[in-house]
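Okay, thanks for coming, everyone. Have the viewer open while I talk, and stop me whenever you like.

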Amino acid sequence: MSFFLEESARLKSLPPYLFLEIDRAKRRAVDKGVKVIDFGVGDPDGPTPDFVLRAMSRFMKEGKNHHYPLDRGNAPFRETIAHWFSRRFGAAVDPDQEVLPLIGSKEGIAHLPLAFINPGDTALVPDPCYPPYKSGTLFAGGKPYLLPLRESHGFLPDLEGIPREAARKAKMIFVNYPNNPTGAVASRSFYGKLVSWARRHRILIAADLAYSEVYFGKEKPLSVLQIPGAKEITIEFHSLSKTCSMTGWRVGFAVGCKEAINALLRVKSNMDSGVFTAIQLTAAEALKNSFRFSEKTNRVYRKRRDLLAAGLKELGFPAKPNPATFYLFTRLPHGQEDSALFCKDLLEKAGVVATPGVGFGASGEGYVRFALTVPEPGIREALSRMRKIR
Ligand SMILES: *Cc1c(COP(=O)(O)O)cnc(C)c1O
């Protein structure tokens, strides 16, 4: 160790990166020449659609788009967002005060606690969950208070079960439906209870809707902002990453409560200078056509989901088809509990990568997550390898 600086307490406070071992094992297998089938990555396998690429090549050539973007974001993009939101959810947001473009929704999610959390404050965080809810809270000096998501409860947090003292100390609550990693969706009645509970306790709702457009049932996933009275206490995060296969472009947006939007904007103004204007204008074009595009990709994910769920069931997993997201989250076959060990074995013996549930939090133990980002032939091959090692 020649490096002389000690890492900050906040960096040291982060939980260990549990996927590191899987990443290493995957690289070892690839180096040995194993044809690894990777259900690990939550990244659409298809390219960004052509009409988006064409828009980008047009906008990037215009010199006026090459300068620092405005902090609050490009006005036509904000108007397109407001229009998209009202068309999709039937709820209104003011493009000037209640919309904020983001460099991907992860950035906004991770920065939000800096706007509201004081050292020692808590944020209510679902468990298992997408890691930035925890790390963003820890970076702000706060403490995540974990809300276990149980399958028997539809992977929804039990709001009534939150102790009064924990609710009193909490400044915000993170919710994420359609949910990563569980694939669960939230009902209108859950959102209704959430809004009245949060209003009663004066807690900001931070809702992550990255997967709002990846769904398979007739009913579209809801926005918290569809509940009367929600907007005063809710900030919602949306992303073009999964919706338009644009993960690498880094563009998303927040909508909702204007005080929260403004506070997040003030944090961001001191950290970054916004999204490349050509990308904002391109994202507006993408949003205008998002419904047609996601209809197509959802048909693809749905077929993969049905194939994988049926195959896993034959192998003894109590797998159920997920109603939304491109994740199939299932309990391990009877008698198995150690998800990290299961995934290690699966990779070493079958060359198949899946993500251990425990990597998303202790309540994910006993489960495994398969991302439906592998085409059907790869799914068939993976199932056949799994049959052989059974
Ligand atoms: C992929 C994902 C996001 C989106 O992140 P971007 O920064 O917009 O690419 C947000 N939340 C969850 C739960 C995700 O899985």
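Let's start with one side chain: Thr-373 reaches the backbone oxygen of Val-41 with its side chain, at 3.1 Å. You'll find Thr-373 in the loop between β12 and α14. Thr-373 is buried, at a relative accessible area of 7%. Buried means under 20% relative accessible area, exposed means over 50%, and partly exposed is in between, with a 1.4 Å probe and protein chains only. If we leave aside neighbours within four places in sequence, the contacts of Thr-373 are Asp-38, Val-41, Asp-43, Pro-44, Asp-45, Arg-304 and Phe-326. A contact is heavy atoms within 4.5 Å.

Some housekeeping before the rest. This is a predicted model, so local features need pLDDT of at least 70 and side-chain atom pairs count only at pLDDT 80 or more, while totals for chains, interfaces and linings use all residues. Residues are numbered from 1 along each chain as its sequence is written, and side-chain values use heavy atoms, with hydrogens and water left out.

Now zoom out to the domains. The domain assignment gives domain 1 as 9–47 + 292–388 and domain 2 as 66–289; those bounds come from an automatic or database assignment. Taken over C-alpha atoms, the two centres are 25 Å apart. Where they touch, 32 residues of domain 1 are in contact with 31 residues of domain 2.

How much area is buried between domain 1 and domain 2? About 2,800 Å², with carbon and sulfur atoms giving 58% of that. Buried area here is the accessible area, 1.4 Å probe, that two parts lose on being put together, summed over both. On the domain 1 side, Thr-325, Phe-360 and Ser-363 supply 20% of what domain 1 buries against domain 2, more than any other three residues.

Which elements supply at least two residues each to the side of domain 1 that touches domain 2? They are α1 (9–12), α12 (290–314), β9 (327–331) and β12 (367–371). Of these, α12 gives the most, with seven residues.

While we're on α12, have a look at Ser-294, which lies in that helix. Ser-294 is buried at 6% relative accessible area. Beyond its neighbours within four places in sequence, Ser-294 is in contact with Glu-213 and Thr-243.

Next, salt bridges. Side chains of opposite charge can pair when their charged atoms come close. The rule we use is a side-chain nitrogen of Lys or Arg within 4 Å of a carboxyl oxygen of Asp or Glu. The whole structure has 22 of them, and the count between domain 1 and domain 2 is one. Lys-320 and Glu-151 also pair up in a salt bridge, 2.9 Å from N to O.

Let me walk through three others. Glu-165 and Arg-168 meet at 2.9 Å, N to O. Both sit in helix α7 (residues 164–169), three residues apart, about one turn of the helix. Glu-165 is partly exposed at 42%, whereas Arg-168 counts as exposed at 59%.

Then there's Glu-232 with Arg-199, at 3.2 Å. Glu-232 is in the loop between β6 (204–208) and β7 (234–239) and Arg-199 is in helix α8 (residues 188–201), so the pair ties together parts 33 residues apart in sequence. Glu-232 is exposed at 56%, and Arg-199 is partly exposed at 37%.

Last pair: Glu-376 and Lys-303, whose closest N and O atoms are 4.0 Å apart. Glu-376 is partly exposed at 24%, while Lys-303 is exposed at 53%.

Terms used: Helix = DSSP H or I, 4+ residues; strand = E, 2+ residues; numbered from the N terminus. Polar contact = N/O pair within 3.5 Å; in protein donor to acceptor, adjacent residues only side chain to side chain.
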